[in-house]
Amino acid sequence: MGQPESREQQGAAQSGLPPGQRLQRGWPVTHYGPVPKFKPDRWEFRVFGATADGEKHCWNHEEFSALPFSTVVADLHCVTKFSMLGAEWGGVRAQTLAELAPPAPGVTHVMVWAEYGYSANLRLADFSDAQTLFATHKAGELLTAEHGFPLRLVVPRLYAWKGPKWVRGIEYMTADRRGFWEERGYHNLGDPWQEQRYSYQEGPQDGPEL
Ligand SMILES: Nc1nc2c(c(=O)[nH]1)N[C@H]1C(S)=C(S)[C@@H](COP(=O)(O)O)O[C@H]1N2
Ligand SMILES: [Mo]
């Protein structure tokens, strides 16, 4: 069912490559730490923090798998300078989750949490973008363990570290807070088209003090 990589890589979802990026053949695996083992009976996806109703919202794996399915064609840009173009991701739009478990009015940012405490912070506008997808599939096939099975976030407009693999939930926040890489030298915003790679490039408005 999966499309060969060569066909996928013919088209970019955006026009061309962001500055400083080069095209990668195939799909490398890039992450920090070990690949977590999926435990279906223990897995749940949680929406917590400043929710509109003040409650925590949870989906087990079966419930999450029944949520409306969408596809998004998106490019992946790793800050280490390789890009993969035109991948077709399938899964649940962040917008859908934000409708099912809405943020309180004061929410400005979202922390996305993954296994082993990996996290990435996003502005609510980036999270709520129509292209932002909690992906279960790529090219019509389930994700493999090393690429984030059972669930990873895809945020096409930002560097790929902003899209946690093995994601387990989101926290609505009323102020910005740095995630895992944003605390360790990477840019708080991470827009590849503006080449926002490192925290030393940040302006005073770009993020909380380090
Ligand atoms: N949980 C988790 N997610 C992660 C990472 C990580 O270290 N841990 N690395 C990120 C980075 S830097 C990149 S480039 C992409 C790589 O995704 P891939 O291995 O599927 O190509 O995953 C992102 N998601
Ligand atoms: Mo990366």
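Start with ligand 1: the space it takes is the largest pocket, where a molecule counts as sitting in a pocket if more than half of its atoms lie within 2 Å of its grid points. This is a predicted model, in which local features need pLDDT of at least 70, side-chain atom pairs count only at pLDDT 80 or more, and totals for chains, interfaces and linings use all residues. Residues are numbered from 1 along each chain as written, chains are lettered from A and ligands numbered from 1 in the order written, and side-chain values use heavy atoms, without hydrogens and water.

Next, select the residues around ligand 1 (a heavy atom within 4 Å). There are 17, and Thr 30, Tyr 32, His 147, Arg 152 and Lys 165 come nearest. By class, this shell holds 11 nonpolar, four polar and two charged residues.

Now show the polar contacts (N or O pairs within 3.5 Å). The side chain of His 147 places an N or O atom 2.6 Å from an oxygen atom of ligand 1. For the side chain of Trp 27, the distance to a ligand 1 oxygen is 2.9 Å. At Gly 163, select the backbone: a polar atom there is 3.0 Å from a nitrogen atom of ligand 1. The protein buries 96% of the 530 Å² that ligand 1 exposes when taken alone (Shrake-Rupley method, 1.4 Å probe).

Finally, hide the ligand and display the pocket lining. The largest pocket has a volume of about 570 Å³. Its lining has 28 residues, with Thr 30, His 31, Tyr 32, Tyr 118 and Trp 181 nearest the centre. The lining divides into 18 nonpolar, seven polar and three charged residues.

A pocket here is an open set of points on a 1 Å grid over the protein atoms alone, where a 1.4 Å probe fits, with protein on both sides within 12 Å along at least five of seven lines; lining residues have an atom within 4 Å of a point.

Definitions and conventions. Polar contact = N/O pair within 3.5 Å; in protein donor to acceptor, adjacent residues only side chain to side chain. Nonpolar A, V, L, I, M, F, W, Y, C, P; charged D, E, K, R; others polar. Points joined across faces, edges and corners; volume = space filled by probe spheres on them.
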